[in-house]
Amino acid sequence: MSKARITVVGGGIGGFTAAIALQASGFAVTLLEAAPAFGEVGAGVTLSPNAMKGYVYLGLAERIAAAGVEPTRQRIQHWQDGRTLVVMDRADMRQRYGAPYVYIHRADLHAILVEAAQAGGCTLLTGAAAVAVEGTTVLLADGRRIDGDLVIGADGLKSVVRGLFEPEKAHFTGHVAWRGLAPAEGKLAELAAFPGMHIGPGRMVVRYPVRGSKILNMVFFARQEGWVQDGWTIPASRADLEETFAGWAPEVQAMIAAAPEDRLYKWAINARKPLSTWIIEDKVALLGDAAHAMTPFMGQGAACAIEDAIVLSRALSASSSIGDGLQRYVAARHERATFIQQESNANADRMQARDTELFGLEGLRNEDSLGLLDYDCRTVAV
Ligand SMILES: Cc1cc2nc3c(=O)[nH]c(=O)nc-3n(C[C@H](O)[C@H](O)[C@H](O)COP(=O)(O)OP(=O)(O)OC[C@H]3O[C@@H](n4cnc5c(N)ncnc54)[C@H](O)[C@@H]3O)c2cc1C
């Protein structure tokens with residue numbers, strides 16, 4: 001079993017994490033990425049301790065933490081006057097969970113993952129867009145056929161591999177996001193030092209530092225009826241943000257003023273409905289967004305992809321057949337990922353409610369209070 005050939009479709013956070021883990025467990029991994037080069041969008045990502053436990057397992061956690069920023073606290077603020085509604089202590093993450101809480105630029109994380117996959121001996125192919133899967137053979141757009149013993153679909157929200165499970169496409173969730181990075185200077189340096197979010201009716205603004213706290217990652221969320229543009233990242237203007245966030249706190253206006261006009265993008269937030277299973281016999285498995293793309297209001301999409309990758313690798317290593325390993329993977333992961341998918345949607349309603357004054361009065365329900373950070377993909381039963 002350990003020499004089984006595994007084809008991972010997709011070189012995102014989930015695909016790379018799976019490839020590194022599986023190759024280290026003795027499988028022969030080929031990773032296929034549609035893009036002409038490995039890379040990631042210019043934006044940040046939060047890796048909460050449950051995600052970072054996966055990188056402790058792979059021996060990459062300290063490199064990732066060193067390339068990122070570990071916050072000591074976070075806050076949730078009122079949209080209009082900026083007053084602090086809730087403070088979350090992040091100083092003791094390592095002691096409490098055995099892994100750090102890290103903000104990192106996606107490109108920095110990706111560079112570490114690509115290097116680790118290369119060093120581990122994975123075969124990495126770029127310009128390799130999967131168009132179909134037949135049994136355990138992946139067909140590429142340029143006519144090549146990649147044979148193996150198992151196909152893992154880690155090809156994200158618009159997964160081709162998921163097409164084997166259902167005909168539906170990803171759906172628009174009614175949320176849009178503008179993303180931008182700006183130098184953490186002046187007022188923005190203060191915001192980087194105490195990161196968090198402003199919440200208000202139908203909207204919210206998230207910010208945190210990356211790259212040694214020299215850059216502030218900013219995401220502006222709003223609800224919007226329909227989405228007609230075809231495309232992934234639509235160039236946006238500061239004027240859009242000024243109009244959408246008129247009347248919001250001075251700190252939000254400072255972030256909008258610093259948003260880079262030439263590198264400000266608007267995204268539709270699309271998601272997937274839960275699938276009843278993510279595996280086909282002993283041939284195909286899905287992980288990450290391909291399996292359970294969710295809204296980003298719990299900051300757990302990438303974390304779930306990392307957890308999937310480690311648990312899948314452990315389940316296959318612990319089994320005498322691929323089919324048994326895949327059954328164990330789904331049994332270990334499906335309930336949790338589906339729960340987080342549903343809670344992420346509910347979190348948007350909680351944080352973007354009509355009356356911000358009431359936020360948190362009934363008890364905060366977030367990744368901390370739901371116990372999501374306790375999860376340990378290194379030891380959970382497979
Ligand atoms: C605004 C926003 C903020 C977010 N913030 C956070 C956060 O702070 N924390 C967190 O945990 N999550 C966050 N998420 C969610 C997170 O980004 C995703 O859940 C995560 O990136 C999923 O990783 P993945 O590897 O499954 O998919 P992807 O990152 O989408 O990677 C899929 C890869 O497959 C490739 N590919 C696609 N089709 C093919 C094909 N046919 N053949 C070959 N390759 C293909 C793509 O080019 C890509 O490289 C956020 C999401 C959004 C939208």
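Q: What should I keep in mind about the model and its numbering?
A: The model is predicted: local features need pLDDT of at least 70 and side-chain atom pairs count only at pLDDT 80 or more, while totals for chains, interfaces and linings use all residues. Residues are numbered from 1 along each chain as its sequence is written, and side-chain values use heavy atoms, with hydrogens and water left out.

Q: At what angle do helix 1 and helix 5 pack?
A: Let's start with the terms. Helices (H or I, at least four residues) and strands (E, at least two) are DSSP runs numbered from the N terminus. Axes are lines fitted to C-alpha atoms, for helices over the stretch in contact, and angles run from 0 to 180 degrees between N-to-C directions. Here, helix 1 (residues 13-24) packs with helix 5 (residues 106-120) at about 25 degrees, their axes being 9 Å apart. That makes helix 1 roughly parallel to helix 5 (under 35 degrees; over 145 is roughly antiparallel, 65 to 115 roughly perpendicular, and the rest oblique).

Q: Which residues of helix 1 and helix 5 meet?
A: Contact means heavy atoms within 4.5 Å. From helix 1 come I13, F16, T17, I20 and Q23, and these meet R106, L109, H110, L113, V114, A116, A117 and G120 in helix 5. By class, the contact of helix 1 with helix 5 has eight nonpolar, four polar and one charged residue (Ala, Val, Leu, Ile, Met, Phe, Trp, Tyr, Cys and Pro count as nonpolar, Asp, Glu, Lys and Arg as charged, and the others, Gly among them, as polar).

Q: How do helix 2 and helix 10 cross?
A: The axes of helix 2 (residues 49-57) and helix 10 (residues 301-317) come within 8 Å, crossing at roughly 40 degrees. Helix 2 is therefore oblique to helix 10. On the helix 2 side the contact is made by N50, A51, G54, Y55 and Y57, and on the helix 10 side by A303, I306, E307, I310 and R314. Six nonpolar, two polar and two charged residues make up this contact of helix 2 with helix 10.

Q: In what order do the eight strands of the open sheet lie?
A: Two strands pair if DSSP finds at least two bridges between them. The order in this open sheet is 5-4-13-14-15-12-17-16, with mixed pairing. At the edges are strand 5 (84-89) and strand 16 (234-235), each pairing on one side only. Inside the order, strand 12 (residues 171-183) and strand 17 (residues 265-271) run antiparallel and are joined by seven bridges; A177 stands opposite W267 in strand 17.

Q: Which strands does helix 8 lie across?
A: Helix 8 (residues 250-258) lies across strand 4 (73-78), strand 12, strand 13 (196-200), strand 14 (203-210) and strand 15 (215-223), and runs at about 110 degrees to strand 15.

Q: Is E243 buried or exposed?
A: Buried means under 20% relative accessible area, exposed over 50%, and partly exposed in between (1.4 Å probe, protein chains only). E243, in helix 7 (residues 238-244), counts as exposed because its relative accessibility is 66%.
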